[in-house]
Amino acid sequence: MHGSTVVFFHAYPDDEAIFTGLTMRRLADAGARVVLATATSGDLGEPLVPLDPGESVVERRQRELELACLELGVSRLALFGFRDSGMPGWADNVHPNALAVARRGTLARRLADLCVEEGAAALVHYDNHGIYGHPDHVAVHLVGRLAARLAGITAYEATVDREHLHIAHQTADGDHLVHGANRTQPTPYGRVTVEIPLAVAADEATLAAKRRAMAAHASQIAPEDLELVGFGDVYGLEWYLRDGPAGVVDQLGNVHAIV
């Protein structure tokens with residue numbers, strides 16, 4: 001995959017590791033250039049650990065994001081700097097700098113320009129539910145879909161297979177983080193298996209890299225979420241819909257599964 005570039009567009013610091021970490025690491029290991037654009041600073045995320053004196057949530061989450069990028073083989077990190085919009089119904093939804101109210105055409109052009117500048121073969125964003133219904137995740141889908149079409153490249157829409165995760169729950173001692181995130185949303189998370197054309201599987205090394213990248217986000221991901229028995233059953237696959245012809249991410253296929 002030398003010479004290929006894939007741009008990933010995510011809502012918050014930590015989404016890249018949770019939903020696409022295997023894919024990013026496998027692309028990097030295959031010689032592709034991996035570029036990450038993160039839409040918001042995640043400034044409304046409640047920290048699970050004490051911050052350093054004088055440190056803000058934004059500063060902590062950016063530092064964690066940079067550490068995760070090292071684990072996932074990211075060559076370039078672009079921070080778009082929008083504000084976390086909060087949960088549905090919060091006043092933060094209509095803050096002037098909130099992602100949920102950003103001018104989508106302008107933001108899509110900015111993302112498309114990044115793809116063109118990088119010579120990207122594909123753009124990864126979210127499915128039309130934003131995976132689990134959060135307003136900022138839905139905004140990422142809308143912006144990402146338009147940006148890919150403006151740039152004339154294939155879009156891969158990250159999702160999760162809720163049937164697979166239901167089965168995985170039977171063998172693991174905990175749930176995928178998407179379960180907790182979806183509890184306050186009115187829509188179901190992810191897709192059923194038959195709707196998903198592509199899954200990317202882990203091998204031992206890429207699963208370990210994903211776990212380390214998730215652990216880097218210590219202010220948002222608790223240690224018990226990483227130590228659960230059956231971690232590979234829950235996090236060892238990443239799923240995608242596709243808008244456009246088969247491209248570079250399809251080349252990863254479903255090989256080397258350890259789940």
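Guide: Start with H1 and helix H2 (residues 57-72), whose axes come within 8 Å and cross at roughly 40°. An axis here is a line fitted to C-alpha atoms, for helices over the stretch in contact, and angles run from 0 to 180 degrees between N-to-C directions. Helices (H or I, at least four residues) and strands (E, at least two) are DSSP runs, numbered from the N terminus. The model is predicted: local features need pLDDT of at least 70 and side-chain atom pairs count only at pLDDT 80 or more, while totals for chains, interfaces and linings use all residues. Residues are numbered from 1 along each chain as its sequence is written, and side-chain values use heavy atoms, with hydrogens and water left out.

On the H1 side, the contact (heavy atoms within 4.5 Å) is made by Glu 16, Ala 17, Gly 21, Met 24, Arg 25 and Ala 28. H2 contributes Leu 65, Ala 68, Leu 70, Glu 71 and Leu 72. By class, the contact of H1 with H2 has seven nonpolar, one polar and three charged residues. In this scheme Ala, Val, Leu, Ile, Met, Phe, Trp, Tyr, Cys and Pro count as nonpolar, Asp, Glu, Lys and Arg as charged, and the others, Gly among them, as polar.

H2 also packs on H7, at an angle of about 175° and with the axes 8 Å apart. That angle makes H2 roughly antiparallel to H7; angles under 35 degrees count as roughly parallel, over 145 as roughly antiparallel, 65 to 115 as roughly perpendicular and the rest as oblique. From H2 the contact takes Glu 64, Leu 67, Ala 68, Glu 71 and Leu 72, and from H7 it takes Ala 209, Lys 210, Arg 212, Ala 213 and Ala 216. The residues of this contact of H2 with H7 are six nonpolar, no polar and four charged.

The remaining pair to describe is H1 with H7. The axes of helix H1 (residues 15-29) and helix H7 (residues 204-216) come within 9 Å and cross at roughly 130°, which makes H1 oblique to H7. H1 passes H7 in a right-handed crossing. A crossing is left-handed if the near helix is turned anticlockwise from the far one by less than a right angle, and right-handed if clockwise. H1 brings Ala 17, Ile 18, Leu 22, Arg 25, Arg 26 and Asp 29 to the contact, and H7 brings Thr 206, Leu 207, Ala 209, Lys 210, Ala 213 and Met 214. Sorted by class, the residues of the contact of H1 with H7 are seven nonpolar, one polar and four charged.

Next, the loops on either side of H1. Asp 14 lies in the loop between strand S1 (5-10) and H1. Most residues other than glycine have a negative phi. Asp 14 has a positive phi of about 110° although it is not a glycine. With a relative accessible area of 9%, Asp 14 is buried; buried means under 20% relative accessible area, exposed over 50% and partly exposed in between (1.4 Å probe, protein chains only). Ala 30 is in the loop between H1 and strand S2 (33-40). At 29% relative accessibility, Ala 30 counts as partly exposed. Leaving aside neighbours within four places in sequence, Ala 30 is in contact with Met 1 and His 2.

Ser 75 counts as partly exposed at 46% relative accessibility. Not counting residues up to four places away in sequence, Ser 75 touches Arg 33 and Val 34. The C-alpha atoms of Ser 75 and Val 35, 40 residues apart along the chain, are separated by 5.8 Å.

Last, the cysteines. A search of the whole structure finds zero disulfides, a disulfide being a pair of cysteine sulfur atoms within 2.5 Å. Cys 69 is in no disulfide, and the nearest cysteine sulfur, that of Cys 115, is 16 Å away. Cys 69 is buried at 7% relative accessibility. Cys 115 is in no disulfide either, and is buried, with a relative accessible area of 2%.
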